[in-house]
Amino acid sequence: MVIKVFLASSSGSTAIKKKQQDVVGFLEALKIDYAPLDIASNEDNRMWMRENVPGEKKPTNGIPLPPQIFNEEMYCGDYDTFFEAKEDNTVYEFLGLTPPPGSKRKVAEEEEQEEGEEDRAEDDLVSEEEEELRELEEEEEQASEED
């Protein structure tokens, strides 16, 4: 799976440049492989990006601005949705990737799993104790009936 980040190498907008740098820098920090695809110097990249951003995600003028992020052919989102995922520690899910072992998200999932297993073990223990109590009560009832 290749993460595709559509960028504009010669954007006149400092806001777009900063957003692109933020996305690329974060992916590099997490050691996530990605392919930077320039829409300024490659018409095919520009057309592909414009055609594959879902209609409801396009701005009112219909032309999506970089950075736009895809996992192969699957649209992940733009800078705003990437930023939200970054803030929520859900970047791997946003990108359609499995979090690596030891990542905050993976550790949280493992802890939830362990808690679920502990809860089940506690439930099993309670059930065993309840069963033992029922058996004792039945034995006591039988003993009192025999008297």
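User: What's the strand order in the open sheet?
Analyst: This is a predicted model. Its open sheet has four strands, ordered β2-β1-β3-β4, and the pairing is mixed.

User: Which strands stand at the edges?
Analyst: β2 (34-38) and β4 do. Each has a single partner strand, so one side of each is left without a neighbour in the sheet.

User: How many degrees are neighbouring strands turned against each other?
Analyst: On average 25 degrees, with direction ignored.

User: And β3 with β4, parallel or antiparallel?
Analyst: Antiparallel, over four bridges. Ile69 stands opposite Gly77 in β4. Phe70 stands opposite Tyr75, again in β4.

User: What about the hairpin of β3 and β4, how many residues lie between the strands?
Analyst: Two. Glu72 takes a positive phi there, near 55 degrees.

User: Which strands does α3 touch when it packs on the sheet?
Analyst: β3 and β4. The direction of α3 makes about 85 degrees with that of β4.

User: Stay with α3. Which of its residues are buried?
Analyst: α3 covers residues 79-87, and the buried ones are Tyr79, Phe82, Ala85 and Lys86. Down the helix axis, these buried residues fall within an arc of 125 degrees, so they line one face of α3.

User: What covers them?
Analyst: The cover includes α1 (14-29), β3 (68-71), β4 (74-78) and α4 (91-95).

User: What goes on at the start of α3?
Analyst: Asp78 is the residue to look at there. One of its side-chain oxygens reaches to within 3.2 Å of the backbone nitrogen of Asp80.

User: And just after α3?
Analyst: Asn89 takes a positive phi, about 55 degrees.

User: New topic, Gln68. Where is it?
Analyst: In strand β3.

User: What does the Gln68 side chain reach?
Analyst: The backbone oxygen of Leu65, at 2.7 Å. The Gln68 side chain also makes a polar contact with the side chain of Tyr75, at 2.7 Å.

User: Which residues does Gln68 touch, leaving out those up to four places away in sequence?
Analyst: Lys4, Val5, Phe6, Met49, Val53, Tyr75, Gly77 and Asp78.

User: How many residues apart in sequence are Gln68 and Lys4?
Analyst: 64. In space they are 8.1 Å apart, C-alpha to C-alpha.

User: On to the cores. How many residues are in the largest nonpolar one?
Analyst: 16. Ile3, Val23, Leu27, Ile69, Phe94 and Leu95 have the most contacts inside it.

User: Which elements supply at least two residues each?
Analyst: β1 (3-7), α1, α3 and α4. α4 gives the most to this core, with four residues.

User: Take Ile3. What does it touch beyond four places in sequence?
Analyst: Leu27, Ile32, Asp33, Tyr34, Ala35, Ile69, Phe70, Asn71, Leu95 and Leu97.

User: What other core lies apart from the largest one?
Analyst: A core of seven residues. Phe6, Ala8, Ile39 and Tyr75 are among them. Tyr75 is also the polar contact partner of the Gln68 side chain.

User: Zoom out. How many helices and strands does the chain have?
Analyst: Five helices and four strands. Along the sequence the pattern reads β-α-β-α-β-β-α-α-α.

User: What share of the chain counts as buried?
Analyst: 27% of the 147 residues.

User: Last one. Of the contacts with a separation of 6 or more, what share comes from residues 24 or more positions apart?
Analyst: 55% of them.

Conventions: Residues are numbered from 1 along each chain as its sequence is written. This is a predicted model: local features need pLDDT of at least 70, side-chain atom pairs count only at pLDDT 80 or more; totals for chains, interfaces and linings use all residues. Side-chain values use heavy atoms; hydrogens and water are left out. Buried means under 20% relative accessible area, exposed over 50%, partly exposed in between (1.4 Å probe, protein chains only). The arc is that of the directions from the helix axis to the C-beta atoms. Contact means heavy atoms within 4.5 Å. A polar contact is a pair of N or O atoms within 3.5 Å; within protein, one must be able to donate a hydrogen and the other to accept it, and residues adjacent in sequence count only if both atoms are side-chain atoms. Two strands pair if DSSP finds at least two bridges between them. Axes are lines fitted to C-alpha atoms, for helices over the stretch in contact, and angles run from 0 to 180 degrees between N-to-C directions. A nonpolar core is a set of buried Ala, Val, Leu, Ile, Met, Phe, Trp, Tyr and Cys residues joined through side-chain atoms within 4.5 Å.
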